[in-house]
Amino acid sequence: MEIWSGSNSIENGISSPGMDVWIYSQPYHGQTSGGDVHYLSLCVGGIVTRLVLADVAGHGELVASTSTALRKLLRRYMNVKQQDRLVAELNGEFTRSASEGRFATAVIATFLSHKRKLLLTNAGHPRPLIYRSACREWTYLDDSMLKYPSAEGNFPLGIVDDSSYQHFEIDIEADDWLLLYTDAVTEAANESDLQLGERGLLEFVNHLDVCGSPAELGGSLLSEVADFSETLDSDDVTIICLKFNGRYRRPGVLEKLKGYAKLIGGS
């Protein structure tokens, strides 16, 4: 079931089994829509949550039609059970349908609340940041978290229709975090034309309070980046903060029936 998705301006928060999520997205120069696509869905059983952040090459309303097409493809393939098949079919279809050589970087995340596992696939997107509460440390996604042996490829969606992808599997504990963002964040430049980069972003998050809510952490990070750079609005910018809250309650019968009704009604 789709909870919310789009490529428009948004600042919103929501909870699903095992996680609290906050998203901020602002298209280029305050335009109505842009090239950053966010997508969040939850299975009717309340067990599997899927989250996608994609960034279509280009920005603003110029690429809005491509981001809308990508969102429709996400909706079509979101219920594919296996993550590797989901990414392969999504990439193949987007490659065949994308016009004018458009492509999109993307991170696809699936949280299996009953197994406390996070599956991640990165299609040429800026590396996610992960906070492990056990060691109290933020780190970038790296090969030590791979589920399968390293694979050649990992191209953005829309470049090679049969690209292979690395799939990461991470055991999750309560109070772990996941931070997704588009390249507008790491490419934000200061007055000396120095980009923030991965190192600068890591320094920022290391000073943030992980005891608060995703909205608080995300808002603080956004303020830090905005203070660093006056050029943040020169591209579509999206930040998604996700905190694993340790609450894995399954929905009751009435909640499932309401979920099915929503799914059938298409609301």
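Arg-127 comes out partly exposed, with a relative accessible area of 31%; on this scale, buried is under 20%, exposed is over 50%, and partly exposed is in between, using a 1.4 Å probe and protein chains only. All of this is read from a predicted model, where local features need pLDDT of at least 70, side-chain atom pairs count only at pLDDT 80 or more, and totals for chains, interfaces and linings use all residues. Residues are numbered from 1 along each chain as its sequence is written, and side-chain values use heavy atoms, leaving out hydrogens and water.

Arg-127 has a salt-bridge partner in Glu-198, with the closest N and O atoms 2.7 Å apart. A salt bridge here is a side-chain nitrogen of Lys or Arg within 4 Å of a carboxyl oxygen of Asp or Glu. Glu-198 is partly exposed too, at 32%. The two sit 71 residues apart, Arg-127 in the loop between β7 and β8 and Glu-198 in helix α4, and so the pair links distant parts of the chain. Helices (H or I, at least four residues) and strands (E, at least two) are DSSP runs, numbered from the N terminus.

The salt-bridge count comes to nine. One of them joins Glu-169 to Lys-117, with 3.4 Å between the closest N and O atoms. This pair also links distant parts of the chain, with Glu-169 in strand β10 (residues 167-171) and Lys-117 in strand β7 (residues 117-123), 52 residues apart. Glu-169 is partly exposed at 27% relative accessibility, and Lys-117 is partly exposed at 21%.

Arg-96 is exposed, at 58%. Through shared partners, salt bridges join Arg-76, Glu-93 and Arg-96 into one network.

Next comes the packing of α2 on α1. Two packed helices are described by the angle between their axes and the distance between the axes. For α1 (residues 64-77) and α2 (residues 83-97), the angle is about 145° and the axes are 10 Å apart. Axes are lines fitted to C-alpha atoms, for helices over the stretch in contact, and angles run from 0 to 180 degrees between N-to-C directions. On the α1 side, the contact (heavy atoms within 4.5 Å) involves residues including Leu-70, Leu-73, Arg-76 and Tyr-77. On the α2 side, Leu-86, Leu-90, Glu-93 and Phe-94 are among them. The contact residues divide into seven nonpolar, two polar and three charged; Ala, Val, Leu, Ile, Met, Phe, Trp, Tyr, Cys and Pro count as nonpolar, Asp, Glu, Lys and Arg as charged, and the others, Gly among them, as polar.

As for aromatic pairs, the whole structure has four. Rings of Phe, Tyr and Trp (its six-membered ring) pair if their centres lie within 6.5 Å, with planes under 30 degrees apart called stacked, over 60 edge-to-face, and the rest tilted. Phe-111 and Phe-244 have ring centres 5.0 Å apart and planes at 55°, so they are tilted. Phe-111 lies in strand β6 and Phe-244 in strand β12, so the pair ties together parts 133 residues apart in sequence. Both ends are tucked away: Phe-111 is buried at 1%, and Phe-244 is buried at 0%.
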